[in-house]
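Subject: Structure handed over, with notes

Hello,

Here is the structure to look through. Please keep it open while you read the notes that follow.

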Amino acid sequence: MAIIMRNAPRGGAALLAAHVTDLVRARAVPKGMPMELHPERVSHSEPHPVYVVTLDDLVAGKLLDAAKQTGWRYLLVQNDVAVGEAEVGARRAAARGTKGGAKTAKLEFLGLTHGPFTDATIDALNAAERMPKVAKADYEMRLLKVPAVYLAALWLHGEDTDIVIPMGDPPGGLKKNRAYTEAGVIRALRGVALQTRQFQHAYDETRRKRRK
């Protein structure tokens, strides 16, 4: 039994390598990443899908069922040290020579970043591997984000159950690297989501009045 990766995008690794190599050679890596990066030494993890939940869904009491995949995320490593992360996604584009606006998926590089969630992901994975429940079944690794309330979590999707492990400094009193059910996360974030919605409504109303 293990934490597994599924449905890696075809051509994603080649696309990632090409862009990372170009950025490193041009010294255009994000602030905070080591300047002494060497393309030939940088490796990457197997990709895991990235899912995003909107504030409206969270306010409505929805989480995992409402999550929409936005891409795939790779962790970058040099000399056994995590140095950053990158994402690729599939953009829908009209197929050349087709009628009726037929669409095809084209893989694109979304960006290279460096931040606290790189190391936080590794910490969450280490914590997950020590959990008895994880040792008893296979779980697909996913990244779950709710940007409106600043939540990033490891989402372990199993055949019969899901485990959500908040990372970094999670909101709503959630504890990092702890296992939660979907219902537990929704319950913890309910107040934060409602406050955020109220703030947004007040801000939008103020802007509307100023325009008048």
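A charge is said to sit over a ring if NZ of Lys or CZ of Arg is within 6 Å of the ring centre and within 35 degrees of the ring normal. In this predicted model, the charged end of Arg-142 sits over the ring of Trp-155, at 4.5 Å from the ring's centre.

Rings

A pair of aromatic rings is described by the distance of the centres and the angle of the planes. Here the partner of Trp-155 is Tyr-51; the ring centres are 5.1 Å apart and the planes stand at 65°. Planes over 60 degrees apart count as edge-to-face, so this pair is edge-to-face. Tyr-51 belongs to strand E3 (residues 48-52) and Trp-155 to strand E8, so the pair links distant parts of the chain, 104 residues apart. Are these two residues buried or exposed? Both Tyr-51 and Trp-155 are buried.

Overall layout

The protein has five helices and nine strands. Read from the N terminus, their order is β-α-β-β-α-β-β-β-α-α-β-β-β-α. The C-alpha atoms fill a box of roughly 55 × 50 × 40 Å along the principal axes. Of the 212 residues in the protein, 40% are buried. Taking contacts between residues at least 6 apart in sequence, 56% join residues at least 24 apart.

His-48 lies in strand E3, as Tyr-51 does. Why does His-48 count as buried? Buried means under 20% relative accessible area, and His-48 is buried because its relative accessible area is 1%. Leaving out residues up to four places away in sequence, His-48 touches Met-5, Gly-71, Trp-72, Arg-73, Leu-75, Met-141, Arg-142 and Leu-143. Among them is Arg-142, the residue whose charged end sits over the ring of Trp-155.

Glu-46 is found in the loop between strand E2 (43-44) and E3. Glu-46 and Leu-76 are 30 residues apart in sequence, and their C-alpha atoms are 9.9 Å apart in space.

The largest pocket holds about 300 Å³ of space. Its lining has 19 residues, and those nearest the centre are Glu-85, Glu-87, Phe-117, Leu-143 and Lys-145. The elements that give two or more residues to this lining are strand E5 (81-94), strand E6 (103-113), helix H3 (116-129), strand E7 (139-146) and strand E8 (151-158). Which element gives the largest share? That is E6, with four residues. By class, the pocket lining divides into eleven nonpolar, four polar and four charged residues.

Regards

How values were computed: Residues are numbered from 1 along each chain as its sequence is written. This is a predicted model: local features need pLDDT of at least 70, side-chain atom pairs count only at pLDDT 80 or more; totals for chains, interfaces and linings use all residues. Side-chain values use heavy atoms; hydrogens and water are left out. On a 1 Å grid over the protein atoms alone, a cavity is a set of points where a 1.4 Å probe fits but cannot get out, and a pocket is an open set with protein on both sides within 12 Å along at least five of seven lines; lining residues have an atom within 4 Å of a point. Grid points are joined across faces, edges and corners, and a volume is the space filled by probe spheres set on the points. Ala, Val, Leu, Ile, Met, Phe, Trp, Tyr, Cys and Pro count as nonpolar, Asp, Glu, Lys and Arg as charged, and the others, Gly among them, as polar. Rings of Phe, Tyr and Trp (its six-membered ring) pair if their centres lie within 6.5 Å; planes under 30 degrees apart count as stacked, over 60 as edge-to-face and the rest as tilted. Buried means under 20% relative accessible area, exposed over 50%, partly exposed in between (1.4 Å probe, protein chains only). Contact means heavy atoms within 4.5 Å.
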